[in-house]
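Please view the model before reading on.

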Amino acid sequence: MGTTRRSRRNASAMKMVGALLALHREAAGYTQRSLGERFVVGEQQIASIEQGRRPLKPDLAEQLDELLDTRGALSVALSKMPEVDLVPLWAEEYLDREREAIAISSYENQVLPGLLQTEGYARAVFGTRMPFDEDEIARLVAARIERRAILHRKEPPITCFVIWEPAVRAPTGGGRVWAEQVRHLLACSELPGLMLQILPLNRTTHAGFSGPFVLLETPEHQRLAYVETQRGSQLIADPDEVAILTQKCAMLRSQALTPEDTRELLDRLLGEQ
């Protein structure tokens, strides 16, 4: 996908668009379930849009306008929503799904997973991207730190993070930021339902040579995969493609250090400072 950017929308405006969808849905004789099944998105996603908790995407708005015979009302309302802060279009759908996921698994080989980053580390990562000014970097860092609340929900998702050792050892942000980040990884490794594993550098082969990826399971038990490049990303729903990455994730977990050995390695790295 390209790098088109659009704004994360005002919450009140999202509720307005959601209420408009509910009005036209009911007028057309659809329930949330029957409409969700028509577009293979699920009842809960339709409910989330109507309640203003999930943004309506432009392509779905166009399809709904056609099905519900709204004469473009949803698309026009969506285009007129006020702008709040910039979020890449290609990442927005993933962030929506991540917020509601009941299980998250990821493999990273260049930077640490966003959900595990400290403020200093995130600032160093975003600082390498161009052309960002200081205000935009600050907004992006705040949004990334806000994402960490997912791990501290009353019922947090089951999470598994496999990280290639060089990504852990890299002194991103400098020695002080790096040490704070490693201590944060140790603290995260103690969270309930979170498994942190380091894929050691001395492995001669492993299942992650093709690059990083994330697996999600939605509340409707749909399994999705997410892969990202420097200039775009892809959210994958095809069961066969997701199955391949699921198998790779299982292999990586067996090839990585155990969570206990991972904590010992992190302790040793801090001691080597």
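At what angle do helix α10 and helix α12 pack, and how far apart are their axes? The model is predicted. In it, α10 (residues 175–188) and α12 (residues 259–271) pack at an angle of about 155°. Their axes lie 10 Å apart. Angles over 145 degrees count as roughly antiparallel, and α10 is therefore roughly antiparallel to α12. The crossing of α10 past α12 is left-handed.

The contact draws on W178, A179, V182, R183, L185 and L186 in α10. Facing them in α12 are R263, L266, D267, L269 and L270. By class, the residues of this contact comprise 8 nonpolar, no polar and 3 charged.

Helix α7 covers residues 119–126, and helix α8 covers residues 134–147. Their axes come within 9 Å and cross at roughly 135°. Why is α7 called oblique to α8? The crossing angle is roughly 135°, so the pair falls in the oblique class. This crossing is right-handed.

From α7, the contact takes in E119, A122, R123, V125 and F126. From α8 come E134, I137, A138, L140, V141, R144 and I145. The residues of the α7 and α8 contact split into 8 nonpolar, no polar and 4 charged.

**Cavities**

Rolling a probe the size of a water molecule over the atoms shows where empty space is left. How many cavities of 30 Å³ or more does the count give? The count is 2. Their volumes are set out below.

| Cavity | Volume |
|---|---|
| Largest cavity | about 50 Å³ |
| Second largest cavity | about 40 Å³ |

Which residues line the largest cavity? The lining consists of V41, Q45, R54, R97, E100, A101, T218, P219, E220 and Q222. By class, that lining has 3 nonpolar, 3 polar and 4 charged residues.

The second largest cavity is lined by M14, V17, G18, I49, R54, P55, L56, L78 and M81. Helix α1 (residues 11–27) gives the most to this lining, with 3 residues. The lining of the second largest cavity divides into 7 nonpolar, 1 polar and 1 charged.

**In brief**

The α10 and α12 pair is roughly antiparallel, with a left-handed crossing. The α7 and α8 pair is oblique, with a right-handed crossing. No polar residue is counted in the α10 and α12 contact, and none in the α7 and α8 contact.

Key:
Residues numbered from 1 in each chain as written. Predicted model: local features only at pLDDT ≥ 70, side-chain atom pairs only at ≥ 80, totals over all residues. Heavy atoms only, no water. Axes fitted to C-alpha atoms, helices over the stretch in contact; angles between N-to-C directions. Helix = DSSP H or I, 4+ residues; strand = E, 2+ residues; numbered from the N terminus. Parallel < 35°, antiparallel > 145°, perpendicular 65-115°, else oblique. Left-handed = near helix turned anticlockwise from the far one by under 90°. Contact = heavy atoms within 4.5 Å. Nonpolar A, V, L, I, M, F, W, Y, C, P; charged D, E, K, R; others polar. 1 Å grid on protein atoms, 1.4 Å probe; cavity = no way out; pocket = protein on both sides within 12 Å on 5 of 7 lines; lining within 4 Å. Points joined across faces, edges and corners; volume = space filled by probe spheres on them.
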